[in-house]
Amino acid sequence: MAEFDMVIRNAVVGTAADIFHADIGISDGVITALGRRLGPARRDLDAGGRYVLPGGIDTHCHFDQPMRDTVTLADDFLSGTVSAAHGGTTTVVPFACQLQGQSVRAAVEDYHRRAADKPVIDYAFHLIVSDPTEHVLRDELPALIREGYSSFKIYMTYETLKLDDRQIISVLALARREGALVMVHAENSDCIAWLTAELEKAGKTRPFFHAVSRPLAVEREGTHRAITMSEIVDVPILLVHVSGADAVEQIRWARGRGLHILAETCPQYLVLTSDHLDQPGFEGAKYVCSPPPRDAASQQAVWNGLTSGVFQVVSSDHAAFRFDDPRGKKRHGIDAPFAKLPNGLPGVETRLPLLFSEGVSKGRIDLPTFVALAATNAAKLYGLYPRKGTIAVGSDADLAIWNKDREVVITNEILHHNCDYTPYEGMRVRGWPEVVISRGEVVVEEGKLLAQPGRGQFLRCDRPRPVPA
Ligand code: URP
Ligand code: ZN
Ligand code: ZN
């Protein structure tokens, strides 16, 4: 008689705290035992001494988000989650975005319709608050937080999304009252607008100048201002997609003052530089995202931040626009000034292989740190822990079996997103997720998708739990 639905045998289990040898017993989608020589199961899966890690949690990705200007994100909840799963991720948290004049609840309902019947892995929603009216702050957000939408992103830039300082403070105060977590896109909008106009006047409009229009100082100022408002309201914030040495310095400064500032970075700031934007013709458009990839010194500063605990989370910020497509990067043609280019890069599938390879395989971070950055901290911060983000009895059996020695050359051909390029074309990585399991079901094995669209479940998020910062 089978004791378990599945046992993964001979695993080297990695969590944010430990590495240990064990078998993992799974029943009804949940981990029910960790031990040596577990009893019989309906299915045995031999890990053969490979790492078995918590499935990744990508808490910054944009799927099927309504856009202005008739550009369209390449990935919906099907292609986005299929791509995520192939990269070792088993939970995604994209954004239900309130358009100005829209109610947040309407945005959430619309986003549920967009997701319906599509995801192959589990998912939750953050909210994007772009119009914090009194009704939104007093009625809608408190109710939505209680219903499982406990985090929201606010923007300091982008004309149709940005909040002014008074609005930001109001949102932070609401987050403090209700116990929600606010993610901040910190760049100074007016400085970007002035720099863009100056560059345009000088005829400097090719994609490379996107990076020039958003220098380190623009991110530094936004970061400092966000920290100041967090201090005034006395509420933690999470600074998203931190890219530059100056912003890292601000976060260290804030922590030194005892402020509760959390931070996320992304692979593009760990492996790309602004040289990638500086290519002939329109090619640089592939790397246009905000904040932009920086110089080698900033890249090193971000790595230093990662190894020294400045960052709690590494997310993809997957915001894929097809390159050779009038709904994507070429919306305004190949001579379009940089300010007209949709901002964003694909990366939901390459996030963990890049972090593993550049981090663990190259000896910059250890395996528990990888797990913390890839899954555990995000699960805690966004109220999904311990159901997600760890390997423990009672947790969902969301797992990825990693072959630490497998070398793969990343090409767009091998990826599963709906984008026609990857910024990481030709990069060789060491370490690859060979089997991916979601709630006890093998969803990807040896590069093959085994999951049905719509099997992914919507997750309601609790209030955030503290993570050491
Ligand atoms: O360029 C980026 N990062 N696009 C996605 C939207 C955002 O601000 O994260
Ligand atoms: Zn952003
Ligand atoms: Zn984003």
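The buried residues of helix α7 pack against α4 (165-178), β11 (181-185), α5 (189-201), β12 (237-239), α8 (245-256) and β13 (261-265), where buried means under 20% relative accessible area, exposed over 50% and partly exposed in between, with a 1.4 Å probe and protein chains only. This is a predicted model, in which local features need pLDDT of at least 70 and side-chain atom pairs count only at pLDDT 80 or more, while totals for chains, interfaces and linings use all residues. Residues are numbered from 1 along each chain as its sequence is written, chains are lettered from A and ligands numbered from 1 in the order in which they are written, and side-chain values use heavy atoms, with hydrogens and water left out.

**The chain as a whole**

- The chain has 12 helices and 18 strands, which are DSSP runs numbered from the N terminus (helices H or I, at least four residues; strands E, at least two).
- Its radius of gyration of 21 Å is close to the 23 Å that the globule rule gives for 469 residues, so the chain is as compact as a globular protein of that length; the radius is taken over C-alpha atoms, and the rule is 2.2 Å times the number of residues to the power 0.38.
- Taken along the principal axes, the C-alpha atoms fill a box of roughly 75 × 50 × 45 Å, and 61% of the 469 residues count as buried.
- Of the contacts in the chain with a separation of 6 or more, 77% come from residues 24 or more positions apart, a contact being heavy atoms within 4.5 Å.

**Helix α7**

- Helix α7 (residues 216-233) has 18 residues and reaches 26 Å from its first C-alpha to its last, close to the 26 Å expected at 1.5 Å a residue, the expected span being 1.5 Å times one less than the number of residues.
- The buried residues of α7 are V218, E219, G222, T223, R225, A226, I227, M229, S230 and V233.
- Just after α7, D234 takes a positive phi of about 65°.

**The zinc site**

- The zinc ion (ligand 2) has K153 (NZ), H185 (ND1) and H241 (NE2) as its protein donors, lying 2.1 Å from it; donors are N, O and S atoms within 2.8 Å of the metal (3.2 Å for Na, K and Ca), and water is not among the atoms, so sites may look incomplete.
- K153 in strand β10 (residues 151-155) and H185 in strand β11 are 32 residues apart, and the pair links distant parts of the chain.
- The donor residues of this zinc ion (ligand 2) are spaced K-x31-H-x55-H in sequence.
- K153 counts as buried at 2% relative accessibility, and H185 is buried with a relative accessible area of 1%.
- The zinc ion (ligand 2) and the zinc ion (ligand 3) are 4.0 Å apart.

**Aromatic pairs**

- The structure holds 18 aromatic pairs, counted for rings of Phe, Tyr and Trp (its six-membered ring) whose centres lie within 6.5 Å, with planes under 30 degrees apart taken as stacked, over 60 as edge-to-face and the rest as tilted.
- The rings of F77 and Y123 have their centres 5.8 Å apart and their planes at 65°, so the pair is edge-to-face.
- F77 lies in helix α1 (residues 77-86) and Y123 in strand β8 (residues 122-123), so this pair ties together parts that are 46 residues apart in sequence.
- Y123 also forms a tilted aromatic pair with F125, at 5.8 Å centre to centre and 40° between the planes.
- Y123 is buried with a relative accessible area of 8%, and F125 is buried with 0%.
- One aromatic cluster is formed by F63, F77, Y111, Y123, F125, Y149 and F458.
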